[in-house]
Every structure is written in structure tokens, then in C-alpha cells.
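Here are my notes on this one, jotted down while going through the model. Have a look at it first, then read on.

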2 protein chains.
Amino acid sequence: MSKDTRLARVAHVLVHMSFNEGTATSETIAAMLDTNPVVVRRIMGALREGGYVSSERGPKGGWRLERPLHKITFLNIYKAFEPGSPFTIATSDDHPKCVVERSANRALSLALSEAAARFEQALSKITLDQLLPGS
Amino acid sequence: MSKDTRLARVAHVLVHMSFNEGTATSETIAAMLDTNPVVVRRIMGALREGGYVSSERGPKGGWRLERPLHKITFLNIYKAFEPGSPFTIATSDDHPKCVVERSANRALSLALSEAAARFEQALSKITLDQLLPGS
DNA sequence: AATATTGTACTAGTAACAGTTACGAGTAGT
DNA sequence: ACTACTCGTAACTGTTACTAGTACAATATT
């Protein structure tokens, strides 16, 4: 599978947006990220649902940051994407007949849950203002 | 990405193999896992490198467990597969020019490392004999 | 009306594991 | 030697989720 790089990329963009009072168009942002405006709209669209940015159509439109950097955490962004499991690892089957296989799946699920909890805990401690140079 | 289910599946198989003194053929194992013999050979081949199982060709050949269940952990199996990062999440780029992006990547990498460490720690505590019914 | 901008449907590219077919390599029994 | 059995492996397809790109509709400003 290819990797999900949305979190790091959007964090980057939001920090840059905080420097400019007005709006940034998808095209501008796409140039920053070296990607396509449509990709930007998809990523930013998810953040809009969470109220972190807003968008306006038409001339002078674009994307606007709706919260200060210190009030946005990596966890906020991560959750906004409504990701599935962040792991490439999974149990073998949801409802195996064999008791041994069920045990194996249960044990693995527990390990995955613990790791996911630790991941989210770590993300929650990173606010976007921490990414500013010299902080 | 499709999910990697090798860990849970092979754990399951090794437990079953411990019940039978002799060897199990790829075909037998494949039937247990409801998959193809070639898939089994690929998975078991990785374990052979780690010394957990051995294989013999020819009639009466097949796969043999080389260690007792309590001496094989989920971490042993996981490592045998030499997986890449267990996460679907990744940083945006290895060597971004922008300082902010580098900060974002560094922060995310740290969170991923912590989660991965926790995952491996959890895996190391699971030995295969714990999967036996009534243990 | 003309222009700028987001919104979104559709298609193609990519990477890793799973699945399948085909065949080569080695071993045991006769 | 022959045959049958079994692993070893290459080559190809299927699956899935993110990335990328094209095309066009919807909307807002001037």
C-alpha cells in the first residue's frame, strides 16, 4: 500500500497559512506542496468539516484558517481525515471458526489497540505552533 | 493498501503444528488457512530463516516446528517477516526544503516511533502457548 | 457576461500483500 | 532408473487505499 502523507502535508500548509491573513487558493497551496489543486481541495475539505478552515468560492475566494495554531493538534488533523486503522497489520479474519485463531486475533488486536492509543496520545501533544522555527 | 494478515495466520498454524509430532505439508496447512500452498511456502519460508521451523522436500516431507510454543513470541514472528513500517501513515518527504515541513515530519516521526515501540513491546509479551484454549 | 475559484465525478498510477499457475529441484520408495 | 511427492520460486493477476490528473459543474465577484 502506498503511504498516507496527508497529516504531515496539511500541518505544513496550515502553518504557512497562518502567516497570511487572507485566503490562499487551492492552486497556491498546491504549488507549495508540489501537487495538484484537486488533491488540496480533497484534503482541505476534510479539515473544513472539523471547523479548522473555511472555503469561499469565486474570485478572491480560497481557504482561510479558522483557528490559531496553538489550538490545532496533530490529533485534530488526524481525526479530521476519519482514517481507518493506521496499521498495515490486521487480524486474519473477523469471525474465524477455530478457537486458536480467535485467540491469536484477540491477542493481536490488543497489541494494535495499545499502539494506536499511544500514537494518538503522542499526536495530541503536538500543536501546530510547535512547528514554527525557533520554538 | 490491503492488510498484512501474516502474523495472525502463521501464529495460528504454528500452534496447530505443535499438536502433531511429524511434518505438515504446505497443502495441509493451506487447507487449514483456506488459502494456497504457495502462500504458505512464502510465509513459512520467512520463519525458516529465523530457525522457528524447518522444511524437508520429497515424500514424507513438509514443515516441522523447531521450537516449543512458549519460546516463540509474536514479536519473533513479526520480525521474521522483515516488515517495513507497520503504519499506513508516513512523513511527507524524506528531505523537504522547507523548515516547517521538516519540523512537521520530525514531530510525526517521533509519534510513529513511540507507537511502533509500544507495538513491539506488546508483541514481545505474547508467546504462542498463550493461544492454547484454557490457558 | 466574463472571470476566478471551489466541488466533485471519473479515471489512471502506485505499492504491498494475497492468490494462482507453472515448472524446476530435491528426496524417498520401488 | 523410475515414479511420486514435496518444497522453491518466478511470473502474473487480484485487491485495496492513497495519490494524481482531467473535465466540468456550481458559485461568487466585477
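This is a predicted model: local features need pLDDT of at least 70, side-chain atom pairs count only at pLDDT 80 or more; totals for chains, interfaces and linings use all residues.

1. Everything I quote below is computed from it.

2. Start with the interface. Chain B puts 42 residues into the contact and chain A puts in 41. Together the two chains bury about 3,800 Å², and 73% of that sits on carbon and sulfur atoms.

3. What about polar links across the interface? Between chain B and chain A, 15 residue pairs are in polar contact, counting pairs with both residues at pLDDT 80 or more. On chain B's side, helix 1 (6-19), helix 4 (74-80) and helix 5 (99-124) each supply at least two of the residues that touch chain A. Helix 5 of chain B gives the largest share of that side, with 16 residues. By residue type, the side of chain B that touches chain A splits into 26 nonpolar, 10 polar and 6 charged.

4. How many salt bridges cross between chain B and chain A? The rule finds 2. One to click on is Glu114(B) with Arg118(A), where the side chains meet at 3.4 Å, N to O.

5. Now helix packing within chain A. Helix 2 (residues 26-33) and helix 3 (residues 37-49) of chain A pack at about 100°, with 8 Å between their axes. That angle makes helix 2 of chain A roughly perpendicular to helix 3 of chain A, since 65 to 115 degrees counts as such. From helix 2 of chain A come Ser26(A), Glu27(A), Ile29(A) and Ala30(A), which meet Pro37(A), Val40(A), Arg41(A) and Met44(A) of helix 3 of chain A. Sorted by type, the residues of this contact are 5 nonpolar, 1 polar and 2 charged.

6. Over in chain B, look at helix 1 and helix 3 (residues 37-49): they pack at about 75°, with their axes 11 Å apart. Helix 1 and helix 3 of chain B are therefore also a roughly perpendicular pair. Here Arg6(B), Val10(B), Leu14(B) and Met17(B) of helix 1 meet Ile43(B), Met44(B) and Leu47(B) of helix 3. The contact of these two chain B helices has 6 nonpolar residues, no polar ones and 1 charged.

7. Where is Thr91(A) found? In the loop between helix 4 (74-80) and helix 5 (99-124) of chain A. Setting aside neighbours within four places in sequence, Thr91(A) is in contact with Asn105(A), Leu108(A) and Ser109(A), and also with Thr5(B) and Ala8(B). The C-alpha atom of Thr91(A) is 15 Å from that of Glu114(A), 23 residues away along the chain.

8. Last, salt bridges overall. The count over all chains comes to 8. Among them is Glu120(A) with Lys79(A), whose closest N and O atoms are 3.1 Å apart. Glu120(A) belongs to helix 5 of chain A and Lys79(A) to helix 4 of chain A, so this pair ties together parts that are 41 residues apart in sequence.

How values were computed: Residues are numbered from 1 along each chain as its sequence is written. Chains are lettered from A and ligands numbered from 1 in the order in which they are written. Side-chain values use heavy atoms; hydrogens and water are left out. Contact means heavy atoms within 4.5 Å. Buried area is the accessible area (1.4 Å probe) that two parts lose on being put together, summed over both. A salt bridge is a side-chain nitrogen of Lys or Arg within 4 Å of a carboxyl oxygen of Asp or Glu. A polar contact is a pair of N or O atoms within 3.5 Å; within protein, one must be able to donate a hydrogen and the other to accept it, and residues adjacent in sequence count only if both atoms are side-chain atoms. Helices (H or I, at least four residues) and strands (E, at least two) are DSSP runs, numbered from the N terminus. Ala, Val, Leu, Ile, Met, Phe, Trp, Tyr, Cys and Pro count as nonpolar, Asp, Glu, Lys and Arg as charged, and the others, Gly among them, as polar. Axes are lines fitted to C-alpha atoms, for helices over the stretch in contact, and angles run from 0 to 180 degrees between N-to-C directions. Angles under 35 degrees count as roughly parallel, over 145 as roughly antiparallel, 65 to 115 as roughly perpendicular and the rest as oblique.
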